[in-house]
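Please read them with the model open beside you.

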Amino acid sequence: MSKNISDKTLQDLEFTTVLTHVADYCISELGKEQVLKISPIKDREELFQELHLVNEYLSSFISENRIPNHGFENCSQEIFTLNIENSFLEAPAFLKVANLSETVNELLKFFKKFETYFPTLQTISEEIEYTTVLVDSIQKIITSYGEVANNASITLKELRKEINKVRAKIGESFTRDLSKYAGAGYLDDIRETVIDNHRVLAVLAMHRRKVKGNFLGASKSGNIVYIAPQATLNYDRELQNLVYEEQQEVIKILKELATTIRPYVPLLTSYLSYLTHLDCIAAKAKYARDYNALLPKISKKKKINFIKAYHPILWKNNQEKNIETIPQSIMLNDQQQIIVISGPNAGGKSITLKTIGLLQVMLQSGLLIPVDERSETYIFDTILTDIGDNQSIENQLSTYSYRLKNMRYFLRKCNQNTLFLIDEFGTGSDPELGGALAEIFLEEFYHKKAFGIITTHYANLKVLANELDNVTNANMQFNERTLEPLYKLFVGQAGSSFTFEVAQKNGIPYSLINKAKKRVETEKIRLDKTISKLQKERNRLQKNSDNLERQKNKGQEHIDSLLEKEQKIQEKLAGFQDLYDNNQRMLTVGRKINELLNHYFQTNNKKQLNSELQKWIAAEKTKHLKKNPPKPKTKAEKKTAKVDQQKKKETLQKVEQEVLKKVVEVRKEKKKEAAKIAKAKADYVFKVNDRVRLTDGNAVGTIEKIEKKNVFINYGLFTTKAKVEQLELVEKGK
């Protein structure tokens, strides 16, 4: 499968840093290795499955049905050894294999039981075979302490009995000699010690010849010699022979067990792969929980609508420093295909660019992203980035040469399913010449229908963005008094560079700034000043808008709270109603039984009591069956029910077809009316003083001047130029 997103793009967007953070949540080394190898997934089905897996695991954190522990030991080496003919594992290693199988079996049972809650996790679990053969075979031979069980074979059982008997004899004979020589005064105060796993007597050196046995050593001072009694030595030789036979029998048993398990090596490999993948999914889910990430809606139509999006690396760094992170909201669609972000340096242009790129790459790699739940995006075939100063010393390329080479690659790869992100577009060369070339590149991307975001300081690109239909200017907002960035993106207006203002704030003498102003074209200063004024006005309006939005949210929260309370009251009322109905039913039943019993006490007629009771029960059963018709059990009943259902379905389809016919007629009439209105609008000739609005905007202005197909509209604070086909009549001029 060819890569659709290059390593350079992943490097530009610091994707590896995100993977490092995700890997910290893994509980196994194999899981960490798999997380660090994560890359964008090209196959859409595989991508959607991975996203749903993570989303389902994330939902388990707030569910009562928590996913069981899936921690496991790496059994790769044990599985490899098992696959070799005539090989065997040590007893503890078999226990690791059994634990692996037991963990997987528990998970398979859990996901099957809760398939409704975890459908995608159940889908991947269905591919794994459930079997208890491995666990049963191993537990029959190996104890929970990692030893071969006594009853693993009759021979082993007998050998261990013999070993225990000989050890008892060794103990008895040693104790007897210990008492004998201690009573004779031949032993030191410590009496005995252990050398090479053998109990020996601590004999005073002067009495060494009086004690029969093997000399095994002496103390550093030489005052004590260590002697193994003769009687004990005879039994030791017998014990060694038995222990050797036991070891041979254990190896034989372990080889037989390995032969039993060897056919299941492919299954054990799939177990290891399954648990590693689950560990990877769990790590992604834990990361999503801690970063408030979620799965946005994946649109079939090409669009990006990220609401309150956070850059996860920036958010984590700011959290550690106790700094607030400002979220960004941005939209790309057919009407807003490319966004050109301008404004002063250190205002947050690059981080906005990286936020969109990183979140898109994360999503296309199977990771959830920190955005608002109303967010929506599309899966792009290619994501292209050109971020930062990319001088190449090895290839002797300057920044501009490198960027031109990158642009050539962009032009070759760019198409309608591409998202491109370019920082400081056109820089690295003469501003006029580089700006002109940047204009051509931008137009190429535009005509290829690619979606993209670029940042720039070039005025000609801001102007071009205003002239192209589906390209929009945007700026990072600044506090005009303090000249400090607000880190908020505003779409719809180019940004001022605040070059001279920032220079003044940083202590550059006012006389030098004035000289610089005189050397710049007057029109450019006027344009920058106009943009700066508009930004100030926009900031003021934005503050008012934010205040209104906050008040609206508070009101909505209050309404939601009242609705929730109302819902609870309704539920309680429904519960009381059910309780009342049940009580009434019980009272009715009680009265009837009481009536029958009183009649029986008076007449003492059992037959009559039984008859009336049967009649009453039959009547009640009929009522119950009317309310709760029985489900068909026999084939004939099921067939009849199916036929009835089919008839109902056919009747419903007929009604639907009749309704659809009427709907089609109504739509035709509406289309005719809409066509008449559209024709009237198209035929209308705009005049000076007509009040109009742009088709993609809400602001209303007055036509000031008309030049061929261009119209100049006065909005009070400023005047803008637009094409006639972009206008919509609000009110005819007087």
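1. Let me start with the surface. The protein chain exposes about 45,500 Å², and carbon and sulfur atoms supply 51% of that area. Accessible areas come from the Shrake-Rupley method with a 1.4 Å probe; for residues, only the protein chains shown count as cover.

2. A word on ground rules. This is a predicted model, where local features need pLDDT of at least 70 and side-chain atom pairs count only at pLDDT 80 or more, while totals for chains, interfaces and linings use all residues. Residues are numbered from 1 along each chain as its sequence is written, and side-chain values use heavy atoms, with hydrogens and water left out.

3. Now the overall make-up. The protein chain has 21 helices and 19 strands; these are DSSP runs numbered from the N terminus, helices being H or I with at least four residues and strands E with at least two. Of its 734 residues, 38% are buried (buried means under 20% relative accessible area, exposed over 50%, partly exposed in between, with a 1.4 Å probe and protein chains only). Taking contacts (heavy atoms within 4.5 Å) between residues at least 6 apart in sequence, 68% join residues at least 24 apart.

4. The largest nonpolar core has 106 residues, and F94, I142 and V148 have the most contacts inside it. Such a core is a set of buried Ala, Val, Leu, Ile, Met, Phe, Trp, Tyr and Cys residues joined through side-chain atoms within 4.5 Å. Helix α11 (residues 265-290) gives the most to this core, with 15 residues. Leaving aside residues up to four places away in sequence, F94 touches L82, L89, I138, I142, L254, L257, A258 and I261. A second, separate core of 22 residues includes A438, F445, Y458 and L464.

5. Have a look at the open sheet of four strands, with antiparallel pairing in the order β1-β2-β4-β3. Strands pair if DSSP finds at least two bridges between them. Its edge strands, β1 (187-195) and β3 (213-218), each pair on one side only, and the twist averages 35 degrees from one strand to the next. Between β2 (residues 198-204) and β4 (residues 224-229) there are four bridges; A202 has Y226 in β4 as its bridge partner.

6. Which helices lie across these strands? Helix α9 (residues 154-183) lies across β1, β2 and β4, running at about 155 degrees to β1. Helix α10 (residues 230-261) lies across β2, β3 and β4, at about 60 degrees to β4. For the angles, axes are lines fitted to C-alpha atoms, for helices over the stretch in contact, and values run from 0 to 180 degrees between N-to-C directions.

7. Is S365 buried or exposed? With 1% relative accessibility, S365 counts as buried, and it is found in the loop between α13 (349-363) and β9 (376-377). Not counting residues up to four places away in sequence, S365 touches F15, I38, S39, P40, I41, L47 and K284.

8. Finally, the rings. The whole structure holds 13 aromatic pairs (Phe, Tyr and Trp rings, the last by its six-membered ring, with centres within 6.5 Å; planes under 30 degrees apart count as stacked, over 60 as edge-to-face and the rest as tilted). Y57 and F61 form an edge-to-face pair, 5.8 Å centre to centre with 65 degrees between the planes. Y57 is buried at 6% relative accessible area, as is F61 at 16% relative accessibility. The rings of F110 and F114 have centres 4.9 Å apart and planes at 50 degrees, so that pair is tilted; both residues are buried. Ring pairs link F110, F111, F114, Y117 and F118 into a cluster.
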